[in-house]
Amino acid sequence: TKRSFASSDGSSRPSPTKVAAHTPPLERPANRPSRLRPDIDGNNVQPVTPLGHASPAGDLITTEEASTAESTHTANNNAVLAAFDRLLDDGDLSDEEEDGDMAELDMARNEAVASRLVAQLPDIEGDSLPTVYEGLGDDVDAIANDDLRKYDLDPESVVGLSEAPADWKAPGPPEGWDPTKVHRYKDAPPFPTDFKHNPGGWPEWLFRPSFESRTGPFKAFKLPAGAEPVPYNEDTGQFEINGWDVHYKGFKGDKVFRDGAAKGNLFPESRKGKLDLEALRRYGLKDEYVETDHPNYDPLALPVFLHQILLPFVEPKKSGIENDGRLPYYSDVMQYTNIYRASKIGPHAHSVKEFNVPELVHADGIVLFDGALGGSNGAIHQRWMTGPDYFGIHDMMISSTMSYTRFCEWKAYHKLNNNFDTPKKGDAGYDPAAKGRLVLDVLIHNLAEVTYKASTDQCSDETTYMYEGFGPGGGLISRNLDKPSVRSGGQIVLSMDVDKPYPRACIHRHKLHDTPSRFKQGQQEVHLMMNAYDRLLMPDGLAQETTEALRERVRKQETRRIFESKPMTVYDNYFSGEEGDKDAGERGFAKLTTVRRDRFPREIPKKHLHSKQLDNSQKDRNKAARYLDPIVFHKSIPSEPTDGKEEYERVLISFQSTGACNLSAINCMNTVSLYTRTKERGRGEHKYRRAIEMNEGRDIYLVGYGRIDGTDHMCTNTRMKIVSRKYWHAMENHGKKMAAVVSYQMYLDIVSGEVNPDWCIEEKDRASFGVFRHRQGRGLMAYDPRKRKFPGDENTRAFTQMNQYERIRYGSSDFGPPRRKRSDRSGHGEVTRSHISDAMDSDRFCEDFTDLREHLVDHYMSTGKSKCHACGIPTYQRCGICNVPLHFVPQAGCAVDYHNVNFFGLAFCDHGIRNISAKDWKSPSDEDRINNARHISTLLRNLGG
């Protein structure tokens, strides 16, 4: 049934269906935030009378003034009616004519609404609204909707947020909703429409009466999450409570924080961090590591280089780099490991050879490579097992790098601290994390060495590592633990850049931190994190340190200062609390935290905040309440120069999303307003868009809070795991997972051109995280300081003890395993890039069956026997193209294998490549063939073949 409205002559005419769709929302002043207009039924709108509203001077509008304004409003209403009549009388119009008439109608409508606004606020000049009339924008909406209903138009069709999708419709009340049917509707006072009692202009469907109990007295009008308005202060003309000023229509502060970040640009480029190109070059980064078209390019070089930047292979003091400020890792681990090994060896123990740095690097490479292959979930020993039961599990590269016995010795004896110097439990200075914290401490320190500046927007959260030993229940391995308990693992509070997984500081969670007693759990980590930030602040904001400052810092082994200014940090509700907020503000730091319901500010009664659990029986109402303006509490705290306490701003943002949400902001909010983000789902004809409620505080939090959780997910994807009863092995392994994630992000920054535009690689040619770990693991397993690939390798004992001829022979830059002496026929060699590159230049390999057919047809019988190049058995037959002895008849298996590139390295003639003597060579098994084919395929991909 079509609706009708009364025209100027009193007749009733059908309502055109396109009128509401073309009517734009009422234009708002530029300084007013956009908002969702109340979505209420026309029968429930109470007209707003101009009488009774106070002027800026505090006087009431007189009856004569109201009468004059009302007459002007009536004239404008007549203009709206006339515009409707002309629109209907014109019949069928073209789009251009209809748009012109609609523009005239819009103008008349706006003038009518403006006249009613002027009647209520005669002293308003321009676009500014006095503070005393904050919230009167709802009256504007009510007036507009009232005018539309006079002509039987649905105001819901003209409501919506400006950022919302065009085809999106704001949630509204169910069809036929009647407020009189609400529980105890008659026992409540009339629904408030004035801005003093309804400052948010909330519709009756959302702003409902509440009672002490089902039969008790009326309590207050409340929103679905329990928020009720703050009493209006008649003296100041503002909503205030205990020193906090309250804003219901958006907030704009007087100070500028975070480089003026605002909606649409919450994370300016000036606040983002970046790597230091000069430092990377100083530490050995070469063009040939990155440029794929370079003659000496090796795909394994860059991943291994980045690993040794974070966890150095050689002692930095002997790296040959002037003012090398990195902390040592593998050199210290070697000392701690050998000290522990020596303390455990006795007359009744097995003899264990001393460990060296290459072995420690190889062991880490094995664990990383095992994860890159898919992970063995702790059963890494199967990589050494042979036989049909381990088909597809055994890996030739792992088994040829280190024997399983030696790997078990490494797992049993390697240490990250010196037990003889570390304070024991109960002693002064005892640190529960001392046994496993070395990896993360060195990683964070050395990452800062190649950082030009860190992001001044940080995310701080806990990262969890699980105990990787045997648990209760018959020796079952403990897995899938949600959160560690006393013996199940541990947690580390990390601070990372919000846009990249770069850790800047860490706090190991335990109960022995020396912090003031006023801090609750979580707040003490915030206090310690700010202490760490203080040590990383640049002097006078200078990113480039002088040579003298660099030399002095290296001498003291201090971390490079990487923060241009005090950073803003995002925390979750575990770290919330007034003491933490106060500590951050007085020290000049910025902080954004979700607030736990038991840690609201004491000055703000809980009843004025969104704090209640939502009623799931009213899902439509809960959904619509998401699109209401956030309630903003603001407070300025003056400085105390005598105590060194700085002035700071506190902002509490209370709003409803899928539940009650409250954000506490310290020195970081410039504006707070309601807007939307468009979210898309589906494909093709099933694709739909919807508007997600948003405000500046929520936007910043959602971008920042998930950085560490995302990093934990990437750490899990490394699938690095070794089963061990030693609790600190889990902490160490977690740090090495983090090193793989950080080095991959450094790789992306380099190949994306962010560090150096000349190094930019097309996105399709960049390595994925899985390929990167595969390359890094292989490179670590092949590390040999005798090749002098990285700075400091030439100063190691492994290189200095070599004679001149051996040094020349090991001068190759190939990342294959080291060449062994002729007397060393251990069989641990493998095919390298140089081997297959040289072989590709010959006629040995066939590209397709056509080439293979030519070799099989063109063979002849020689006059003497020679050992077959494929199987080693003497034969008279020879390939006419290759001129090598091969078996062709009665079966051509030898000829096919020899000309197959995937068999390269397994043939009898290739025994020298494998460091095997001719008499020790054996025919390869099926498993050997599969593993070798996988290895050859990887080499060919690296060669571009």
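Select P209: its bridge partner in β4 is F221. Now widen the selection to strand β3 (residues 208-211) and strand β4 (residues 218-222), which pair in the antiparallel sense over four bridges. Strands pair if DSSP finds at least two bridges between them. A hairpin of six residues joins β3 to β4. Helices (H or I, at least four residues) and strands (E, at least two) are DSSP runs, numbered from the N terminus.

The model is predicted: local features need pLDDT of at least 70, side-chain atom pairs count only at pLDDT 80 or more, and totals for chains, interfaces and linings use all residues. Residues are numbered from 1 along each chain as its sequence is written, and side-chain values use heavy atoms, with hydrogens and water left out.

Next, select helix α7 (residues 301-310) and helix α20 (residues 769-781). They pack at an angle of about 75 degrees, with axes 8 Å apart. Axes are lines fitted to C-alpha atoms, for helices over the stretch in contact, and angles run from 0 to 180 degrees between N-to-C directions. α7 and α20 are therefore roughly perpendicular to each other (65 to 115 degrees).

Show the side chains at this contact (heavy atoms within 4.5 Å). From α7 come P303, V304, L306 and H307; from α20, F772, R775, Q776, G779 and L780. By class, the contact has five nonpolar, three polar and one charged residues. Here Ala, Val, Leu, Ile, Met, Phe, Trp, Tyr, Cys and Pro count as nonpolar, Asp, Glu, Lys and Arg as charged, and the others, Gly among them, as polar.

Stay on α7. 10 of its 10 residues are buried, so α7 is largely enclosed by the rest of the structure. Buried means under 20% relative accessible area, exposed over 50%, partly exposed in between (1.4 Å probe, protein chains only). What covers the buried residues includes α5 (277-282), α8 (330-344), α19 (727-751) and α20.

Turn to salt bridges (a side-chain nitrogen of Lys or Arg within 4 Å of a carboxyl oxygen of Asp or Glu). The whole structure has 51.

- R184 and D187: 3.0 Å, N to O. R184 is buried at 19%; D187 is partly exposed at 47%.
- D324 and R326: closest N and O atoms 3.0 Å apart. D324 is buried at 8%, and R326 is buried at 4%.
- R509 and E525: closest N and O atoms 3.7 Å apart. R509 lies in the loop between β13 (503-508) and α13 (523-536), and E525 in helix α13, 16 residues apart. R509 is partly exposed at 25%; E525 is buried at 2%.

Last stop: select E578, D581, K591, R602 and R650, linked in a network of salt bridges.

How values were computed. Parallel < 35°, antiparallel > 145°, perpendicular 65-115°, else oblique.
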